[in-house]
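Thanks for asking me to look this one over. Below are my notes, point by point, for you to read with the model open beside them.

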Amino acid sequence: MEELDIDLKIPDPLRADWFMVLVDIQADLIYNALVVLTSPLYLLCRSYNRATATISAAERAVKRAPSRIKSGAARVVRRIWYGLMGACQVSMVMVLALIIAAVLGIGVVSLYVEKPVVVRERLFFDYTEENPSAVFSFEKKKRPFGVPVGHKVHVSVVMWMPESDLNRRLGLFQLKVELLSLKGETIARSSQPCMLRFRSKPIRLARTFVMSVPLVAGFANEAQTMRIDALVHQEKWPRTKAVRATLIPRAQTRLLPQLYEAEVVINSKPPWTKRMAYNWRWTLCVWTSMYLYVPILVALLWCFRPFLFPYVASRTVVETERLEMEVVEEVMERRFRERRNKPRRRTFITTQETYT
């Protein structure tokens, strides 16, 4: 690893051309900035690194000595290639984190945002009953509860009635609209009178004369469309499951109106907070995804770094082991020097001579 660090040093400006020195400096800056991005090439360069690790420093110095510039250019090209491949891998990781953040952001916003309910369905009145009725159930729309809690529900009934003699003589009749719960109980009820718009006989004759060609050709018809805003209800518990409309004749009569078609129109209005969130739902999705993107990216880099960047992780381990070995060698060398420089104990045997 010490020999690999020698290659990363900036060449001496006095020994190399100034242009190559500048290029080498820029290459070193790019390499140091994108050092994390070199992991995809670890498997490809492992065999090359093992082969070159067995070459001694003297042999490589001899190989580099004849052409210093060629070695520097090759190193620049190699580092640029490593940087490009690493940038591609980091881009893939960032795109993956962005996709995860976008999915989570859209999911979180969709859990909070409630879409207004808009339903328009045909009603079929049962004229076999004394008071013909028609029921619309939200189960037909695969929604057990059609309107979310807190929404204001507007229920309207649209009837297409012919201008027949019976309908003109009928005059008023009663339309009753009820909201039914899951147990069949009545949650809300509304009843109001209805009738065709009046047209005098001269007006009818003049209109028939003017519209004679479209009427004969079938492009127009003698009918009126009646829209009745029947009911306004604040959705709460118990929830609404169905809407029932009933035709009731006027008192002391049995006459019922003739209908071509009938429809029920249901519109819901969310609370102002949910309505504002629904109007700005895409903006909320973008901001929520941006706030989730950074934590997800940090979590990926923190928890899955050995899998995403195996080359950098292995290099870090190798460098740590090399530093530990250097520390151990330095301690051993210091102890050896201390033991070597320490004076040896010598035993001097002194003899005492007695002079007489």
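How many bridges join β1 to strand β8, and do they run parallel or antiparallel? There are five bridges between β1 and β8 (residues 261-269), and the two strands run antiparallel. The points below start with the ground rules and then come back to this pair.

1. **Ground rules.** This is a predicted model, in which local features need pLDDT of at least 70 and side-chain atom pairs count only at pLDDT 80 or more, while totals for chains, interfaces and linings use all residues. Residues are numbered from 1 along each chain as its sequence is written, and side-chain values use heavy atoms, with hydrogens and water left out.

2. **The overall picture.** The protein has twelve helices and eight strands; these are DSSP runs numbered from the N terminus, with helices being H or I of at least four residues and strands being E of at least two. Of its 356 residues, 31% count as buried, where buried means under 20% relative accessible area, exposed means over 50% and partly exposed lies in between (1.4 Å probe, protein chains only). The accessible surface comes to about 25,200 Å², and 63% of that belongs to carbon and sulfur atoms; such areas come from the Shrake-Rupley method with a 1.4 Å probe, and for residues only the protein chains shown count as cover. Among contacts between residues at least 6 apart in sequence, 80% join residues at least 24 apart, a contact being heavy atoms within 4.5 Å.

3. **The four-stranded sheet.** Back to β1 and β8: they belong to an open sheet with the order β1-β8-β3-β6 and antiparallel pairing. Two strands pair if DSSP finds at least two bridges between them. β1 (118-122) and β6 (223-234) stand at the edges with a single partner strand each, so one side of each has no neighbour in the sheet. From one strand to the next, the twist averages 15°; axes are lines fitted to C-alpha atoms, for helices over the stretch in contact, and angles run from 0 to 180 degrees between N-to-C directions. If you want one place to look, E121 has V264 in β8 as its bridge partner.

4. **The nonpolar cores.** The largest nonpolar core has 31 residues, of which L123, V155, M159, L175 and I266 touch the most other members. Such a core is a set of buried Ala, Val, Leu, Ile, Met, Phe, Trp, Tyr and Cys residues joined through side-chain atoms within 4.5 Å. β3 (152-162) is among the strands that supply at least two residues, and the largest share, five residues, comes from β3. Leaving out residues up to four places away in sequence, I266 touches V117, V118, V119, F136, F138, V153, H154 and V243. Another core, of seven residues, lies apart from the largest one and includes V93, A97, L297 and L300.

5. **β4 and its partners.** Is β4 largely enclosed or open? Six of its eight residues are buried, so the rest of the structure largely encloses β4. Eight bridges join β4 to β5, running antiparallel, and F173 stands opposite C194 in β5. Seven bridges join β4 to β7, also running antiparallel, with E178 opposite R244 in β7. The hairpin of β4 and β5 has five residues between the strands, and there G184 takes a positive phi near 85°.

6. **Loops worth a look.** S181 sits in the loop between β4 and β5 and counts as buried at 6% relative accessibility. Beyond neighbours within four places in sequence, S181 is in contact with I187, P238, R239 and K241. P238 lies in the loop between β6 and β7, and a cis peptide bond with omega of about -5° joins W237 and P238. Most residues other than glycine have a negative phi, and most peptide bonds are trans. Q252, in the loop between β7 and β8, has a positive phi near 65° and is exposed at 87% relative accessible area.

7. **An aromatic pair.** W287 and Y291 form a tilted pair, 6.3 Å centre to centre with 35° between the planes. Rings of Phe, Tyr and Trp (its six-membered ring) pair if their centres lie within 6.5 Å; planes under 30 degrees apart count as stacked, over 60 as edge-to-face and the rest as tilted. Both residues lie in helix α10 (residues 281-303), four residues apart, about one turn of the helix. W287 is partly exposed at 47% relative accessible area, whereas Y291 is exposed at 63%.
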